[in-house]
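Please look over the model below before you read my notes. I have kept them brief.

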Amino acid sequence: MTSGKPKPFPAIPHAVSEHPSASLPSSLREQSIAVAREWRRRNANRGTLPMPEGFWVKPTIDPYEAWLEVNRWNERREKVHRTQIDKLKRRPLLSVIMPVYHPHIPYLDQAIESVRRQAYSEWELCIVDDASTDPSVREAIRRWSRTDGRIRASFSENNEHISVATNKAVAMASGEFLAFLDQDDVLTPDALGEVAAYANAHPDADIIYSDDDKLDTAGRRVAPQFKPGWSPELLLSYMYFGHLFVVRTALFRAAGGMRRGFEGSQDYDLALRIADKARRIGHIPRILYHWRIHPGSTSSGGGAKPYSFEAGRKAAQDAWDRSGVRARVVQPDWAFQAGLGIFAPVFPDDGPKVVIVICTRNRHGLLRNCLESLERTSYRNWEAVIVDNGSDDPESIRYLQSVRHRVIQIPDSADGFDYARLNNEAVKRIDAEYVLFLNNDTEALKPQWLSQMVGWAQRQGVGAVGARLLFPDGHIQHAGVTHGLYKGMAGPSFKRLPARDNGYMSLARANRNCAAVTGACLLTPRKLFMKFGGFDERAFKVAYNDVDYGYRLRAAGYRIVYCADAELTHHEGASRGFVDHPAEAAAFRAKYGFATDPYYNDNLSLDNERFDIRSKTAVTERFQPIPALMCAYNLNWEGSAYSQFELTVLLKDKGIIDPIVYCAQDGPLRQAYEKQGIRVEVAPHPLTNAWSYDSAIDRFAGRIGEWNVQLVYANTLETFYGIEAAKRLNVPSVWNVRESEPWQTYYDRFGSEIAARALGCFAYPYRVVFVSDATRSEFRNLESRLNFETIHSGLDRKRLLLHLRQEDRNKLRSALGFAGDECIVLLLGTVCERKGQIDLAEATLRMTRETVSKCRFLIVGDRHGEYSERLRWRVESLPPDLRTRVHVIPETSEAPSYMAIADIAVCTSRVESFPRVILEAMAYGLPIVTTPVYGITEQVQGGISGLFYMPGDTATLARHIETLANDPALRRTMGTYGRYLLDSMNDSEAMAIAYGNVFQEAWLSGEARACAE
């Protein structure tokens, strides 16, 4: 939960111009890629460094165990939940429906007790015993009904099976909603309260379902099902609602209740029959139900009750028959072999006309394979239209002249390759009910592929259908689109999963809804495509046009379907080989950066495409500001310290935290904090003069206790003591790691005992937050509790650009002592060994005197020290004509002014995680020459917005600077692309929201992790 919906990034004010490859030499891209690859190769052996004595890397726990560690019911969570209940305007009566037949009495007792311990009190439990022959069952039920007047019981004389027993229990119910509970399952303490809260927030909700997990025979929680939001097409595949399943009583009765003859899948049949009549179907993305696994239960596997498969198939067949779409429902072989009650329709091979649009240019071999595969298509009413985008290869021209299909010639526009325009123009020239966009590097694998897609497309409300695409090696390339992958963008679901793997909850193999589908194989009604203006030619010429089309369809109420039964091979990227235009990524971020994916559960990870469980807790409402201790390494105006200052102020202003800042070193930032009304405590380092590590941590923990903080934040590896102290106080913590130095040796100066203890702290925080994926990867061996996360740093771009607009560049140059027409090469950052500024001084020796004579080289950020002395000596030793062009400037608060007058930004660092100075250079529209170390490659796109050189390779550094210094047009192009790339990343607002979520989640988790030694 955040303090409010963030404002979107500013819209891109102009259309995407030519693609980068059209205006930038391909050699620059290739060289930069090679340099980055070489740097990674040289640094690939860091994992083999020796670790401190006494420390060992702990094994990684099971992902669901990690999730459970931060989601267990605790006093804080219960208090928050009861507060939520107290705020409800309406407290509907909820009738819990429990049919009973020969239960295991201890399990029955636990099921009933789970209802009685609900935090929400407005419930009734309606039990119908379906003629159990064991007298102890009746005795147990009567005992419970005497204990609590809200428990109502009835006993049938004859066994009539579960559908009738359920209907009898509903006949006893007087509640507004029915919540179905099996006789051996367990509700969580907040289950009914969450249902009541959802019903309050959505008065039109007729069906509500939640996530669930299972209890094994030892009582352990396993096999969680973190489900998608309401997905009509997935429900036709299987009963994904599962438990908890809640239905409005009036709707249940109007539908005639459970039907006899569907035993084993009676709830599935009910769901299919009432889903079409429900005004709203709501999903609570929380585990509210524990499904018991024991021999003979359906939860132990569909094979335990094989009759349930046929009942489920029959229920799905009835649903298709009611829809009016011809389909024969089967249980696919893969589902049968896996013992899964999953079903799929088989559609006829006749139907409305489909025109398959295939754009191509040269590469006739790809097109030939594609067209030959289409000849095997069993669907009868189709034709292919080939859109030739200016093929000039003689063999390709001859092949196009020989094909039996219609060929349309559409050359590139003045702006270059435009995939969106090509398809839009083609659709205008065809006549068919449906159009299918197909890449020329695809090959259909099954004859029925098109029949299956058309069948789904004919369902009412479906706007587009996509296929299951496989790489040539047999791994999945595309199984629908998931929003939020790739740092808030969009990406292919289950990418690189083996094709034989069903995926999480079998979602890789089941027909279902998704956020969008790829344009490599996309079927949509032609009229609908025309109505929506086709693909967006202005913002998404090459990339994201398919995703944008899907998102626009969903916004208008249409559904997108992933058809798993339509399989094709996709030679991804073989057609044109372009990299994505930075402007298109920026435009997508501007339009959809804060969108959510209704089909992707928030408890699943966005770090990869596999639908992995992530260790997080759900925050559903706003809290009071959290008393938080913010441990700082120093209070100087420099990278990590200033980043913490900005973050602290942002979170305080958003009402997320009520901070106290602790630091062992005083500095100028103290005054800045206090000016913002933030208390600062400066005291000696906890380990100073400590005779034992434990006693020092205990003393610091005592001080934290006196400050009454409820969350500890530690900035940089240096403040590990704050994490250790939080663990002892059982206070949740968040650790921000900003360094990229080897963790095996980082703490060597403390000695092996303290180094081992410091590294052990990685297991304690709710989150260890890294500022780049590259740095996170370097520390991956320490992630034993699956608590790592990357949050890229963001800039306050408006503040930076306001400075740029207010300053007249020529006047500013003059005020700083530089001529207006000189090319200023800026290297900004604290002068130190790690940042390697001597490289720039050395590079001037390798440039032509002509280039040097028109440049000024500014090294800004000098601080007294041994490396500073070496740098100054090297500059002084340069030839006189060079020496006068190189300026070493002390640390200054005027850094933005130097950025504003620069023409080229240089970064010579050896170790960087996600340098702020790179972001600032991008904001100011500067081309960048940099080393490709760690997170820098997540900021700079080599050959597009900047150029890479290996640390110490001053010849390449000099060559890159010369290239840019002598080509103003190239500088402008790279600077423009850099701004686009920056627009596709976090800004300060997005960064603060991400950290705010982490802080609130950590606080709600209520305590530090109980880490097993």
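1. Confidence. This is a predicted model. The protein chain has an average pLDDT of 92, and 94% of the residues reach at least 70. Residues 1-16 fall below 50. That stretch still has 45 contacts in the model beyond near neighbours in sequence. Where pLDDT is low, predicted coordinates should not be read in detail.

2. The sheet. Seven strands form an open sheet with parallel pairing. Their order is β26-β25-β24-β27-β28-β29-β30. Which strands stand at the edges? They are β26 (679-682) and β30 (788-790). Each has a single partner strand, so one side of each is left without a neighbour in the sheet. On average, neighbouring strands are turned by 20° against each other, direction ignored.

3. β28 (residues 733-737) and β29 (residues 767-770) run parallel and are joined by four bridges. Within this pair, Asn736 stands opposite Val769 in β29.

4. A helix on the sheet. Helix α25 (residues 720-729) packs on the sheet. α25 touches β24 (626-632), β25 (657-663), β27 (711-715) and β28. The direction of α25 makes about 165° with that of β28.

5. A covered helix. How many residues of helix α21 (residues 582-592) are buried? The count is 10 of its 11 residues, so the helix is mostly covered by the under 20% accessibility cut-off. The buried residues include Glu584 and Arg589, along with Phe588 and Tyr592. Several alanines are on the list too, among them Ala585, Ala586 and Ala587.

6. Aromatic pairs. The count comes to 51 aromatic pairs. One of them is Trp637 with Phe645, which is edge-to-face, at 6.4 Å centre to centre and 65° between the planes. Phe645 has 9% relative accessibility and counts as buried. In another pair, the rings of Phe770 and Phe779 have centres 5.5 Å apart. Their planes are at 45°, so this pair is tilted. Phe770 and Phe779 are both buried.

7. A ring cluster. Ring pairs link Tyr662, Phe700, Trp707, Phe720, Tyr721, Tyr746, Tyr747 and Phe750 into a cluster.

8. Charges over rings. Which side chains lie over the faces of Phe155 and Phe262? For Phe155, the residue is Arg142, at 5.0 Å from the ring centre. For Phe262, the residue is Lys314, at 4.5 Å from the ring centre.

Notes. Residues numbered from 1 in each chain as written. Predicted model: local features only at pLDDT ≥ 70, side-chain atom pairs only at ≥ 80, totals over all residues. Heavy atoms only, no water. Phe/Tyr/Trp six-rings, centres within 6.5 Å; stacked < 30°, edge-to-face > 60°. Buried < 20%, exposed > 50% of the residue type's maximum accessible area, 1.4 Å probe, protein only. Lys NZ or Arg CZ within 6 Å of the ring centre and 35° of its normal. Helix = DSSP H or I, 4+ residues; strand = E, 2+ residues; numbered from the N terminus. pLDDT = per-residue confidence, 0-100. Contact = heavy atoms within 4.5 Å. Pairing = 2+ DSSP bridges. Axes fitted to C-alpha atoms, helices over the stretch in contact; angles between N-to-C directions.
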